Amino acid sequence: MGERTHYEPGTFCWVGLATTYPAAAEQFYTRLFGWQPEEHSAGEAGTLTMLRRNDHDVAILYRQQPEARAAGAPPHWTSYISVEDAHATAARAGELGGAAVFREPFDVLDAGRVAAISDPTGAIVSLWQPRSRIGATLVNDVGALCWNELATTDVERAKAFFGDLFGWRYETDESGYASIKHGGRLNGGVREQVEQGRGIPPNWLPYFTVENVDDAARDAERLGGHALSRPTETHIGRFAVIADPLGAGFAVFDGETDP
């Protein structure tokens, strides 16, 4: 079981769902993954719901910010990367050709400090400066985050940006898929975006481990979600991409994961 008590800076540390109707989203995900919700005050961010499994934090859920809604952003999952200083990292991202998104870094009470940035190709990711909460305390297990994948229109530009910002290294296979290595662990992947022309901008997609991809996909549809891709075989397992009832996309995976 992938229990965590610390994340090296530059490592994905959890994911958050920004949604227009938190109660409906909570009902969908708690039934799909067996998560237990806990509501918390989040200071400037309003109220958030901690999503837990087996007494471990696995993800967070919150109402989409007015700035995001005004910009036309749909409900979406956001990947979070652990950093030592959210303000300094966001500033460095700007120097490297990225940009801050929506607003300046802000505190989530004593839990941590958050900033959102976009890479030079337009994909948005969040920075998490931990204080009392490190992020997810369970990963790479059933019902928990196991992977974060960037689909981008310019793989080499994105790789260079994140390599300079976080010190990421990459292993690229014959298909051109680049696996991210950081701190001695696999940390996610980068691929060319094949959805160009459909109005979908470059984006990060979270993967959650399940016992069986086919069962999870059927359960998601029964609960009001819908399939964005059919179950697909890879050399380490199977995955499917799903949209929740409010439109936020995510993937489910069964197969080999890091401990």
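Where is the place of Asn140? Select Asn140 and you land in the loop between strand 11 (138–139) and strand 12 (145–152); strands here are DSSP runs of E, at least two residues, numbered from the N terminus.

Before moving on, note that this is a predicted model, where local features need pLDDT of at least 70, side-chain atom pairs count only at pLDDT 80 or more, and totals for chains, interfaces and linings use all residues. Residues are numbered from 1 along each chain as its sequence is written, and side-chain values use heavy atoms, leaving out hydrogens and water.

**Stop one: Asn140.** Asn140 counts as buried because its relative accessibility is 15% (buried means under 20% relative accessible area, with a 1.4 Å probe and protein chains only). Now show Asp258: the Asn140 side chain reaches its backbone oxygen at 3.1 Å. Contacts (heavy atoms within 4.5 Å) beyond four places in sequence include Arg4, Thr209 and Pro259.

**Stop two: Glu149.** Step along to strand 12, where Glu149 lies. At 7% relative accessibility, Glu149 is buried too. Display two side chains that make polar contacts with the Glu149 side chain: Arg191 at 3.1 Å and Tyr207 at 3.2 Å. A polar contact is a pair of N or O atoms within 3.5 Å; within protein, one must be able to donate a hydrogen and the other to accept it, and residues adjacent in sequence count only if both atoms are side-chain atoms.

**Stop three: Thr121.** Finish in the loop between strand 9 (112–118) and strand 10 (124–130), the place of Thr121. Then pick Pro202: its C-alpha atom is 6.7 Å from that of Thr121, though they are 81 residues apart along the chain.

Note on methods. Helices (H or I, at least four residues) and strands (E, at least two) are DSSP runs, numbered from the N terminus. Buried means under 20% relative accessible area, exposed over 50%, partly exposed in between (1.4 Å probe, protein chains only).
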